[in-house]
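Hi,

Here is the structure I promised to pass on.

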Amino acid sequence: MPGATITPIPDCQLTWVFGLLELLEDRGGREDGYKIARDLQFKFGDLLKVMKAAEILGLVSTPAGDVVLEELGKQFLAGDVNQRKLLIREQLKKHPLFSYFVRLLHGQEDRSLSKEVVLEHLAMLLPSEPPQRMFSTLVNWGRFAELFGYNKDEDRFYLDQE
Amino acid sequence: MALLELRNVSKSFALPRGSLRVLEDISFSVEEGEFLALVGPSGCGKSTLLRMINGIIPLTSGQVLYRGKQVDGINLESALVFQSFALMPWLTVKANIEMGLEARGIGSEEREKRASIYIDKVGLDGFEEAYPRELSGGMKQRVGLARALAVEPRVMLMDEPFSALDALTAITLREELLDIWQAPDASVKNIILVTHIIEEAVELADRVIVLGSGPGRVVADMKLDIPRPRDRRSEAFNTWTDKVFSLIEERS
């Protein structure tokens with residue numbers, strides 16, 4: 001999506017997103033967000049991040065404070081671990097922030113960048129977000145989807161092989 | 001023949017004056033393919049019992065039989081998963097998983113192969129070269145799980161594996177554990193889970209053994225006849241959680 005506005009991704013673990021989907025499935029596909037937070041003893045602010053992350057990935061919708069399991073979320077639940085990874089990978093490729101880095105890495109000779117350079121890009125793209133935190137999320141989601149890798153020893157943020 | 005049998009197992013720890021009896025006269029057997037949960041109040045010795053089944057803690061008296069034979073030392077057909085994950089912070093995900101294999105004298109080629117199989121099974125592809133510090137609790141426990149699975153044990157012994165995790169992470173990992181255990185090609189056929197979370201036991205296990213404390217002893221041993229996949233909102237689920245809860249309440 002060249003030229004699309006770059007939006008941040010919530011500081012949230014993907015495992016939380018998957019837990020939310022499992023929980024929605026158990027509860028018939030729809031539940032009040034506030035009730036979920038209360039039942040799980042989650043801070044409502046944290047649960048909002050999870051809801052937002054799941055929505056960005058197209059797995060749920062959040063009408064009027066409820067969380068509703070969407071078709072893609074059901075597909076995710078029906079898949080095995082590798083089908084799940086593939087689904088997340090396809091969704092991330094469509095996200096402007098991830099696609100920005102995919103393009104950027106493609107332009108590098110060895111398909112990699114140092115963390116410092118990535119942080120600079122993040123600071124420039126999303127000045128109001130803490131870059132360090134955004135980097136961790138980028139790496140964690142990217143690793144799960146096998147889209148990005150990060151090698152701490154060699155300080156290399158890189159494009160995972162297709 | 002039962003896969004595993006405990007006969008009059010007791011455990012005492014020596015104190016400066018006298019000794020403390022933590023487990024008394026525990027007898028039960030585990031059938032092939034069974035998912036067993038051991039539940040009880042804290043201090044009932046359930047974690048100690050799990051370690052005695054593995055063999056890292058010796059019995060004071062009694063016997064643990066595996067396929068009819070007494071186990072001396074560590075039962076290499078079992079592997080432990082810990083609440084604390086017990087990962088080596090200076091090793092990568094892949095190296096942590098291979099470590100358990102190296103300790104069992106498995107050669108490097110086979111280690112590589114097994115690590116990659118179980119990294120795939122628990123969804124850690126992409127995290128091979130990450131360090132534990134870079135991982136969330138859920139990802140750390142997936143490493144703990146892969147490390148145990150990689151030794152291809154017949155029995156996986158899990159000590160409160162989800163208790164250190166937040167609720168959403170625990171939901172995810174319980175589902176993933178069931179998927180792994182129920183997969184037709186699974187090498188792990190038996191799981192013994194120690195937990196103090198009653199809903200967790202009722203959601204996962206075929207059978208629940210309730211231990212009472214002071215000293216720990218078997219209070220109840222019940223087969224759960226709830227069809228899978230289990231619905232936490234069903235009446236059968238509620239009946240069973242209430243029953244287990246009342247058994248623990250009465251005895252502690």
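Some ground rules first. This is a predicted model, where local features need pLDDT of at least 70 and side-chain atom pairs count only at pLDDT 80 or more, while totals for chains, interfaces and linings use all residues. Residues are numbered from 1 along each chain as its sequence is written, chains are lettered from A and ligands numbered from 1 in the order in which they are written, and side-chain values use heavy atoms, with hydrogens and water left out.

Chain A as a whole

Chain A has eight helices and six strands. Here helices (H or I, at least four residues) and strands (E, at least two) are DSSP runs, numbered from the N terminus. If you walk along the sequence of chain A, the order is α-β-α-α-β-β-α-α-α-β-α-α-β-β.

How does the radius of gyration of chain A sit with that of a compact globule? A compact globule of 162 residues would come near 15 Å, and chain A has 16 Å, which agrees. (That radius is taken over C-alpha atoms, and the globule rule is 2.2 Å times the number of residues to the power 0.38.) Along the principal axes, the C-alpha atoms of chain A fill a box of roughly 50 × 35 × 35 Å.

Of the 162 residues in chain A, 49% are buried. Buried means under 20% relative accessible area, exposed means over 50%, and partly exposed is in between (1.4 Å probe, protein chains only). Contacts (heavy atoms within 4.5 Å) tell you about the fold too: among those in chain A between residues at least 6 apart in sequence, 61% join residues at least 24 apart.

A:His95 counts as buried because its relative accessibility is 8%. Leaving aside residues up to four places away in sequence, A:His95 touches A:Thr7, A:Pro8, A:Ile9 and A:Ile56.

Where the chains meet

The size of an interface is often given as the accessible area lost when the parts come together. Chain A and chain B bury about 2,300 Å² between them, with 51% of it on carbon and sulfur atoms. (Buried area is the accessible area, with a 1.4 Å probe, that two parts lose on being put together, summed over both.) On the chain A side, A:Thr15, A:Asp26 and A:Arg143 lose the most area to chain B, together 25% of what that side buries. In terms of contacts, 28 residues of chain A meet 24 residues of chain B.

Most residues other than glycine have a negative phi, and most peptide bonds are trans. B:Phe85 has a positive phi of about 70 degrees although it is not a glycine, and B:Ala86 has a positive phi too, near 50 degrees. B:Phe85 is in the loop between strand S6 (78-81) and helix H2 (93-102) of chain B, and B:Ala86 is also placed between S6 and H2.

Are B:Phe85 and B:Ala86 buried or partly exposed? B:Phe85 is buried at 12% relative accessible area, whereas B:Ala86 is partly exposed at 31%.

There are cis peptide bonds to find as well. One runs from B:Gly214 to B:Pro215, with omega near -15 degrees, and B:Pro215 sits in the loop between strand S9 (207-212) and strand S10 (217-223) of chain B. Another joins B:Arg228 and B:Pro229, with omega about -5 degrees.

Cheers
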